[in-house]
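Here is a friendly tour of the structure, arranged by topic. Have your viewer ready so that you can follow along.

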Amino acid sequence: LVDARGRAVALRGVNAVFKTAPFVPSPGAFDPLSSLGPDDAALLTQWGFNLVRLGVLWQAHEPQRGAYNTSYLDAVVDVVDALWTHSGGRIRVIVDAHQDLLSPKFC
């Protein structure tokens, strides 16, 4: 993995997987258990992190067979955009189709 100048990129990251509703982190004020907003992006950048693995769960996207929750995916996009913006373009996000993607039975 290299940057635009051809330099190797060392990734240092954290996990953000929320397995209960609303299935996305809070964009609000810093909370060590539930937030991932501007304050968090600033702290992560300050601490040298440049990657977030963001879990995406199918049960949040399709809560009932054939009924899709597009607002959930909008919220995921908002988290990704906020991390990039509030870190000055330093935090990348891996959108992770989490291993228990298809059912909470596999948690």
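Let us begin with Tyr-72, which is buried, because its relative accessible area of 3% falls under the 20% cut-off. Please keep in mind that this is a predicted model.

**Aromatic pairs**

- Searching the whole structure turns up 2 aromatic pairs.
- Tyr-72 belongs to one of them: with Phe-23 it forms an edge-to-face pair, at 6.5 Å centre to centre and with 85° between the planes.
- This pair links distant parts of the chain, since Phe-23 sits in the loop between E1 and H1 and Tyr-72 in helix H3 (residues 70-86), 49 residues apart.
- Phe-23 is buried as well, because its relative accessible area is 13% and the cut-off for buried is under 20%.
- Trp-58 and Tyr-68 also make an edge-to-face aromatic pair, with 6.4 Å from centre to centre and 80° between the planes.
- Trp-58 is in helix H2 (residues 58-61) and Tyr-68 in the loop between H2 and H3, so this pair ties together parts that are 10 residues apart in sequence.
- Are Trp-58 and Tyr-68 buried, exposed or partly exposed? Trp-58 is partly exposed, with a relative accessible area of 31%, and Tyr-68 is partly exposed too, at 48% relative accessibility.

- Asp-96 is found in strand E3 (residues 92-97).
- This residue counts as buried, because its relative accessible area is 16% and buried means under 20%.
- Which side chain does the side chain of Asp-96 join in a polar contact? The partner is Arg-53, and the contact is 2.8 Å.
- Leaving aside residues up to four places away in sequence, Asp-96 touches Arg-53, Leu-54, Gly-55 and Val-56.

**The largest pocket**

- The volume of the largest pocket is about 220 Å³.
- Its lining is made up of 15 residues, and the closest to the pocket centre are Asp-31, Pro-32, Ser-35, Leu-36 and Asp-40.
- Which strand and which helix each supply at least two residues of that lining? They are strand E1 (13-16) and helix H1 (38-46).
- Sorted by class, the lining holds 10 nonpolar, 3 polar and 2 charged residues.

How values were computed. Residues are numbered from 1 along each chain as its sequence is written. This is a predicted model: local features need pLDDT of at least 70, side-chain atom pairs count only at pLDDT 80 or more; totals for chains, interfaces and linings use all residues. Side-chain values use heavy atoms; hydrogens and water are left out. On a 1 Å grid over the protein atoms alone, a cavity is a set of points where a 1.4 Å probe fits but cannot get out, and a pocket is an open set with protein on both sides within 12 Å along at least five of seven lines; lining residues have an atom within 4 Å of a point. Grid points are joined across faces, edges and corners, and a volume is the space filled by probe spheres set on the points. Helices (H or I, at least four residues) and strands (E, at least two) are DSSP runs, numbered from the N terminus. Ala, Val, Leu, Ile, Met, Phe, Trp, Tyr, Cys and Pro count as nonpolar, Asp, Glu, Lys and Arg as charged, and the others, Gly among them, as polar. Buried means under 20% relative accessible area, exposed over 50%, partly exposed in between (1.4 Å probe, protein chains only). A polar contact is a pair of N or O atoms within 3.5 Å; within protein, one must be able to donate a hydrogen and the other to accept it, and residues adjacent in sequence count only if both atoms are side-chain atoms. Contact means heavy atoms within 4.5 Å. Rings of Phe, Tyr and Trp (its six-membered ring) pair if their centres lie within 6.5 Å; planes under 30 degrees apart count as stacked, over 60 as edge-to-face and the rest as tilted.
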